[in-house]
Structures are given as C-alpha cells and as structure tokens.
Protein chains: 2
Amino acid sequence: MIYDRVALIGLGLIAGSMAHAMRCAGLAGEIVGTARSADTRGVARDIGLCDRVVETAVEAVQGADLVVLAVPIGAMGAVAEEIGPHLKAGATVTDVGSVKRAVIEAVAPHIPHSVHFIPGHPLAGTEHSGPRSGFASLFENRWCLLVPGAATDPEALARLRALWEGMGAHVDEMDADHHDLVLAVTSHAPHLIAYTMVGVADDLRRVTDTEVIKYSAAGFRDFTRIAASDPTMWRDVFLSNKDATLEILGRFTEELFALQRAIRTGDGEHLFEYFTRTRTIRRGIIEAGQDTDAPDFGRAKPGS
Amino acid sequence: MIYDRVALIGLGLIAGSMAHAMRCAGLAGEIVGTARSADTRGVARDIGLCDRVVETAVEAVQGADLVVLAVPIGAMGAVAEEIGPHLKAGATVTDVGSVKRAVIEAVAPHIPHSVHFIPGHPLAGTEHSGPRSGFASLFENRWCLLVPGAATDPEALARLRALWEGMGAHVDEMDADHHDLVLAVTSHAPHLIAYTMVGVADDLRRVTDTEVIKYSAAGFRDFTRIAASDPTMWRDVFLSNKDATLEILGRFTEELFALQRAIRTGDGEHLFEYFTRTRTIRRGIIEAGQDTDAPDFGRAKPGS
C-alpha cells in the first residue's frame with residue numbers, strides 16, 4: 001500500500017481507471033471519490049467505483065494522503081481554491097490534466113506550504129468518458145509525465161512515482177513548458193486536426209453523412225475515433241495550451257500547403273519522399289511498444 | 001465457382017487478399033498472378049499465393065475470365081495497353097484503384113469491345129503492403145464500390161458483384177466522379193493530413209523523435225498508422241484525384257482556421273459545439289458496423 005487514503009476529485013475515465021487500477025494492485029487503503037454531478041456520483045455508487053462517494057470535494061479531501069484533481073482543466077483552479085484550506089498537512093496533491101503550465105498557475109496559489117503539489121499527466125485515454133468508462137489496465141505500458149518543481153520533496157515525488165508504476169505506467173519527469181510543447185505535437189494538434197476533418201465531412205452537402213459513415217473504413221474511421229473524445233475536456237485543453245497548439249498548427253498548415261502545391265504541380269517525387277519518411281516514424285512507435293504491428297488498423301486479423 | 005480463371009496483375013495487399021479470399025470461398029477455378037518485380041513473384045511462389053505465378057501480364061491474362069488490375073494507379077494505363085490485345089473475348093477486366101475517373105481514362109481506351117471493363121474499388125486496407133501482407137478476411141463486412149458505365153453488360157456486372165460478395169464485401173454502385181469526391185473526403189484528404197502531421201512532428205527540433213514516439217499514445221499514434229501506408233500507391237492517388245482532394249483540403253484549411261481563431265480568441269463555446277457535433281458522426285460509424293465500440297482506440301480491453 002502506498003497511500004492510506006486517496007481522494008479522487010472528478011470521476012471520469014481517468015479517475016475511474018485509477019480507482020480500478022489502485023484496487024487491483026492494492027495501492028490505496030481507502031479510495032474516496034466525488035464529482036460535481038449528482039448523476040455521476042450516483043453511477044459511481046451503483047457500480048462501487050470507490051470505497052466511499054461523498055457530496056463535496058471538501059469532504060473528499062478530509063484526511064487524504066493523496067488528492068487527485070481529475071476535473072476538466074478549466075475547473076482545476078476553483079476546486080483547488082475550495083479544498084486548499086481543508087488539505088491534510090503532509091498530503092500530496094496531483095492532477096491528471098493534459099496541460100501543465102495553465103494548471104500550475106491555477107492550482108499552485110491555493111495549495112498550503114505544508115502540502116506537496118506535484119502536477120502529473122498520464123498519457124492514456126480512450127474516446128469514452130464518464131464513470132463507467134474506466135478500466136484497470138488503462139495505464140499499463142503507457143507513460144505518465146510528472147512535473148515536479150525545484151522545491152519538490154523527493155520523498156513525496158518517489159511515492160507518487162511508485163503509485164503510477166504500481167498502476168502499470170512508466171514515469172518520466174519533465175518541466176511544464178516542454179510538456180506542453182510535446183503534448184501539442186503528439187496530442188493537441190492531432191486532436192484538433194481530427195475534429196476539423198470530421199467536421200468538414202459532416203458539412204459537405206454533396207456527400208451524404210450516410211456515405212461518409214458507410215465508407216469510413218478507407219481512413220476516415222481512425223480520425224473519428226479521436227474526434228469522439230470528451231468535448232469539455234478538449235475545449236479546455238485548447239484554451240489552456242493556446243500558444244503551443246497554435247504554433248504547431250501554424251507549422252502544420254505550412255507543411256500542408258507545401259504538399260498541396262506538390263499535388264497541384266504534379267510533383268510526385270516530393271510526395272513519395274515525404275510519405276517514405278513518415279513511414280519510419282510509425283516503425284519507431286511499434287518498436288517502442290506504444291502500438292502493435294497488427295494489420296487492418298489495429299483490428300484483429302481473424303484466422304491467423 | 002464464379003470464374004474459371006482469374007488473373008491478378010500486381011501481387012500486393014489487395015490482390016494477395018483476393019487470392020486468399022477466393023480460395024477460401026472457392027470462387028475461382030485457377031488463380032494466375034504476376035508482378036513486375038522478380039522479388040515479389042518469388043515471394044508469391046514461395047508462399048503459394050496463386051496457383052501459378054507467371055513472368056508477364058500478357059502471359060497472365062491468357063484465357064482468363066476475370067483480369068484484376070491491382071497495380072498503382074499510375075501504372076494502370078501501361079498495363080492495360082500491354083494486355084489489351086491478349087484479352088479473351090467475353091472476359092471481364094476490373095481494377096482495385098482508389099481513384100476511378102483517372103483509371104477509366106487510362107485503361108478504357110485499351111480494352112477491346114469484346115471485353116467488359118468494370119472499374120471497382122474495395123474500401124479495405126491496412127498500413128502493410130507487399131505479397132505477404134494479404135489475408136482472406138480483409139474484405140469481410142467492408143464495402144466494394146463498382147463503377148459500371150451506361151453500356152455495361154448486366155450479366156458481367158452481376159458476376160463481378162457475386163465475386164466481391166463471395167469474398168465477404170458489401171457492393172454499391174456509383175458513378176466515377178461521385179466516387180472520387182466521396183473518397184477524397186473519407187480517405188484521400190485524411191491520409192494527406194495524417195502524413196502532414198507526422199512530418200511536422202518529425203521536423204520539430206525542440207521535440208525529439210524519441211519523445212514523439214514515446215508519447216504517441218496520446219493521439220498521434222492513430223495518425224502514424226495511416227501515415228505508414230504504401231508511398232507509391234498514395235503518391236499516385238493524390239496525383240490522380242487532384243481536383244477533389246484539393247477541394248476538400250481547401251475546405252479543411254478554412255475550417256481549421258476558424259477553429260484556430262476560436263482558440264486564439266478564447267471562444268470556448270464554438271469549440272465545445274464543434275466537438276459535440278463530431279462525436280455524433282463517430283456514433284454513426286459504430287452503428288453502421290464499420291468499427292467497434294471497444295475503448296482504447298480499438299485495442300483490446302484486457303480483463304473484460
């Protein structure tokens with residue numbers, strides 16, 4: 001057991017998966033959860049997601065050794081302000097937000113000096129959300145990035161690291177600004193692009209939605225999967241990682257224009273070289289164990 | 001059995017999967033294959049992909065009732081010119097190219113009047129290519145679009161339809177221009193966008209390739225899967241479906257700029273509404289059976 005009592009503030013995909021994973025591995029003595037919505041709390045009680053589901057964040061953090069902020073980024077500051085005075089001395093507060101600089105700015109001012117604040121971000125997710133969407137293996141073989149400050153207590157950091165490793169994750173440390181840039185490239189810009197493409201398809205009058213849906217296996221399907229992610233979460237991600245996301249989107253547009261020009265002018269060599277280069281990145285991801293080499297875009301290869 | 005002898009010109013993912021599928025379902029008396037590359041022919045012989053592997057397309061089409069052009073789009077015209085004089089009267093020629101107008105223009109002039117030319121396009125694929133990449137179930141529950149002309153013989157069309165249905169596909173008919181527009185939306189533009197995003201990530205000096213690869217599970221991974229597709233095939237697709245692809249990319253850029261502006265100005269409502277709308281398209285694809293609802297982006301949910 002790593003923490004005697006863990007408080008989960010917010011009971012969506014990530015917190016729910018943490019509850020399952022902590023239980024499976026016996027990492028927490030007691031798991032207390034809360035969510036702003038009464039519906040969510042009701043579902044969490046019905047499925048026994050936590051040992052106790054309480055009405056407010058203030059109740060949840062009473063006596064907790066670890067408090068996990070798992071609410072949309074835009075709500076982090078208000079939650080921190082609410083719980084700040086009620087945190088146990090020596091406790092650790094962490095979060096699971098996809099952006100780190102904005103979360104630190106919103107949360108840190110409300111955390112008392114006697115409490116360790118160690119921002120975090122597990123790089124794991126699915127296109128599903130809500131208290132029923134979690135599962136114990138979500139973090140297995142995935143990365144969790146921790147963003148300690150210069151003054152972070154090494155022991156508190158080691159404990160939080162052990163918790164994530166206990167849930168199956170690999171842990172890396174990174175500073176907040178670099179985190180936000182890396183995530184703009186690997187996650188935020190790709191999500192915005194997927195959302196955009198799905199929106200374009202929906203708008204195109206001459207191609208019916210039925211056609212888009214029927215014929216999606218030709219590539220579009222993989223975009224819709226990431227474009228189905230939680231709208232509130234993603235709105236907050238883009239608004240709070242504005243600069244890095246806009247920078248990457250600017251580079252993306254530049255590159256896209258170059259490829260469009262190659263298509264328009266019939267420059268097959270440019271296209272061929274570009275596509276050959278991108279293939280090697282894919283190979284790297286498979287070798288790094290972050291995806292499988294199974295064909296048909298990750299679906300099963302029956303009969304083999 | 002639907003055809004006594006089928007000739008496969010080109011032995012990549014699609015033709016290879018057709019060979020497996022036709023055998024499994026007993027749809028062809030004899031399957032003869034050929035490929036331009038001696039290596040490919042050698043591998044096809046080694047793994048027994050066809051009943052016979054021959055050196056040239058001219059040999060392959062001798063006495064064939066069905067000839068399948070399964071070469072990159074840019075090579076279709078030359079192959080058609082080569083085989084045209086050697087086709088059996090009453091035979092059917094089809095193709096599996098991802099673009100239809102350009103293939104028709106390149107191939108039709110070389111097909112004798114005694115031969116039925118019925119263009120086709122199975123909407124199925126993986127990111128793998130080559131003679132070893134095929135498997136019998138590739139077309140199961142996927143769509144195959146046939147593009148008959150006004151003068152197409154109904155009986156020849158019915159036979160080709162029966163072949164695809166025998167391999168597990170659903171068949172729709174469509175005219176060439178509409179096909180090319182639908183595919184620009186559901187496949188060609190998404191592929192170019194995925195290629196671009198992967199290229200941008202690779203270029204960004206401040207984020208290392210190692211970081212991009214390690215942290216790819218946050219969304220980027222799904223882009224790399226489609227950006228790993230065969231470079232030659234995709235070069236030809238973009239060059240031969242230039243107008244529709246550029247039109248869709250133009251709309252995409254417009255829409256992307258609107259979302260970028262929403263991010264820059266902090267218009268959360270615009271973003272939230274957009275993301276909510278794209279989520280419903282995803283639901284439609286799952287209901288249409290073109291993907292599963294399994295979480296973690298199509299990967300298995302262990303322990304459930």
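Two strands pair if DSSP finds at least two bridges between them. Helices (H or I, at least four residues) and strands (E, at least two) are DSSP runs, numbered from the N terminus. The model used here is predicted: local features need pLDDT of at least 70, side-chain atom pairs count only at pLDDT 80 or more, and totals for chains, interfaces and linings use all residues. Residues are numbered from 1 along each chain as its sequence is written, while chains are lettered from A and ligands numbered from 1 in the order in which they are written.

**Exercise 1. The sheet of chain A**

*Solution.* 

Step 1. Take the antiparallel pair: strand 7 and strand 8 of chain A are joined over 3 bridges. Here A:P122 stands opposite A:C144 in strand 8.

Step 2. Now the parallel pair: 4 bridges link strand 8 (residues 143–146) of chain A to strand 9 (residues 170–173) of chain A. In strand 9, A:H170 is the bridge partner of A:W143.

Step 3. Follow the chain from strand 8 through helix 6 (residues 154–166) of chain A to strand 9, and you have a right-handed β-α-β crossover. Right-handed means that, with the strands pointing away from the viewer, the path from the first strand over the helix to the second runs clockwise.

**Exercise 2. The sheet of chain B**

Describe the open sheet of chain B and find the helix that packs on the sheet.

*Solution.* 

Step 1. In chain B, 3 strands in the order 7-8-9 form an open sheet with mixed pairing. Its edge strands are strand 7 (120–122) and strand 9 (170–173) of chain B, each of which pairs on one side only.

Step 2. From one strand to the next, the twist averages 20 degrees. Axes are lines fitted to C-alpha atoms, for helices over the stretch in contact, and angles run from 0 to 180 degrees between N-to-C directions.

Step 3. Strand 7 and strand 8 (residues 143–146) of chain B are antiparallel, with 3 bridges. B:G120 has B:L146 in strand 8 as its bridge partner.

Step 4. Helix 6 (residues 154–166) of chain B packs on this sheet and touches strand 7, strand 8 and strand 9; the direction of helix 6 makes about 165 degrees with that of strand 8 of chain B. Residues are in contact if their C-beta atoms, placed from the backbone, lie within 7 Å.

**Exercise 3. Where the chains meet**

State how many residues each chain brings to the contact, and which helix of chain B gives the largest share.

*Solution.* 

Step 1. On the chain B side, helices 7 (176–203), 8 (209–214), 9 (220–226), 10 (231–240), 11 (242–265) and 12 (268–287) each supply at least two residues. The largest share, 19 residues, belongs to helix 7 of chain B.

Step 2. The side of chain B that touches chain A has 51 nonpolar, 25 polar and 22 charged residues. In this scheme Ala, Val, Leu, Ile, Met, Phe, Trp, Tyr, Cys and Pro count as nonpolar, Asp, Glu, Lys and Arg as charged, and the others, Gly among them, as polar.

**Exercise 4. Helix 7 of chain A and its partners**

Classify the packing of helix 7 of chain A against helices 7, 11 and 12 of chain B.

*Solution.* 

Step 1. Keep the classes at hand: angles under 35 degrees count as roughly parallel, over 145 as roughly antiparallel, 65 to 115 as roughly perpendicular and the rest as oblique. A crossing is left-handed if the near helix is turned anticlockwise from the far one by less than a right angle, and right-handed if clockwise.

Step 2. Helix 7 (residues 176–203) of chain A packs on helix 7 of chain B at about 160 degrees, with the axes 11 Å apart. The two are therefore roughly antiparallel, and their crossing is right-handed. Among the residues in contact are A:V185, A:I193, B:V185 and B:I193; by class there are 12 nonpolar, 2 polar and no charged residues.

Step 3. With helix 11 of chain B, the axes come within 9 Å and cross at roughly 125 degrees. That makes helix 7 of chain A oblique to helix 11 of chain B. This crossing is right-handed.

Step 4. With helix 12 of chain B, the axes come within 9 Å and cross at roughly 70 degrees. Helix 7 of chain A is therefore roughly perpendicular to helix 12 of chain B, and the crossing is left-handed.

Conventions:
Two residues are in contact if their C-beta atoms, placed from the backbone, lie within 7 Å.
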